[in-house]
Amino acid sequence: MLEGPKLRCHQIWCLTRAISWFIYGCHFTVCKLHMAKGMEASVKENSLRTVLELANEMLERGFKFQMIDLNKSQASHFIVEGDSLIPPFRTIPGLGVNVAKQIVQAREEAEFISKEDLQKRGKVSKSLIEFMDENGVLEGLPDEDQLSLF
């Protein structure tokens, strides 16, 4: 059973994951699954259902969730921009805190000029680059550093 700070960290982790699921097009089928399980749902599943309900409430009250922004997102903190939230890099499944911090640090040094540049300076794995590309985070960013003359 989670208590005190561990429970809070778990709830924050679930919230960031749920919000990233909203952004990446996940639907409330997860919530329906939890309702079908009833009392057999695990602690983690019940926490996730609560977080999904909270995210749904935010949407109903007019808040919006933007996509992760390569130029604005922070490593671990949400950014409020008007009536919308920009999630941190940490909400990307499989992306750890150290890599998230490395992305922000590399971005502060110089803007990323390509996916290859992000992979090198941001220390991001190829699978994470593919995930971010598939979900529109890297929209407009060329694949390689080299310019094509033809």
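View 1. Arg-121 has a relative accessible area of 22%, so Arg-121 is partly exposed (buried is under 20% relative accessible area, exposed over 50%, partly exposed in between; 1.4 Å probe, protein chains only). Asp-117, at 9%, is buried. The two form a salt bridge, with the closest N and O atoms 2.7 Å apart (a side-chain nitrogen of Lys or Arg within 4 Å of a carboxyl oxygen of Asp or Glu). They sit four residues apart in H5, about one helical turn (helices are DSSP runs of H or I, at least four residues, numbered from the N terminus). This is a predicted model: local features need pLDDT of at least 70, side-chain atom pairs count only at pLDDT 80 or more, and totals for chains, interfaces and linings use all residues. Residues are numbered from 1 along each chain as its sequence is written, and side-chain values use heavy atoms, without hydrogens and water.

**View 2. Asp-143 and Lys-115.** Their salt bridge has its closest N and O atoms 2.9 Å apart. Asp-143 lies in the segment after helix H6 (126-134) and Lys-115 in helix H5 (residues 115-121), so the pair ties together parts 28 residues apart in sequence. Asp-143 is exposed at 51%; Lys-115 is buried at 10%.

**View 3. The buried face of H3.** Buried residues in H3 are Glu-45, Ser-47, Leu-48, Val-51, Leu-52, Ala-55 and Met-58. They fall within an arc of 155° seen down the axis, so they line one face (the arc is that of directions from the helix axis to the C-beta atoms). Exposed Val-43 and Glu-60 are on the face turned away from the buried side.

**View 4. Arg-61 and Glu-57.** These side chains meet in a salt bridge (2.6 Å, N to O). Arg-61 is exposed at 63%; Glu-57 is partly exposed at 32%.

Methods
Helices (H or I, at least four residues) and strands (E, at least two) are DSSP runs, numbered from the N terminus.
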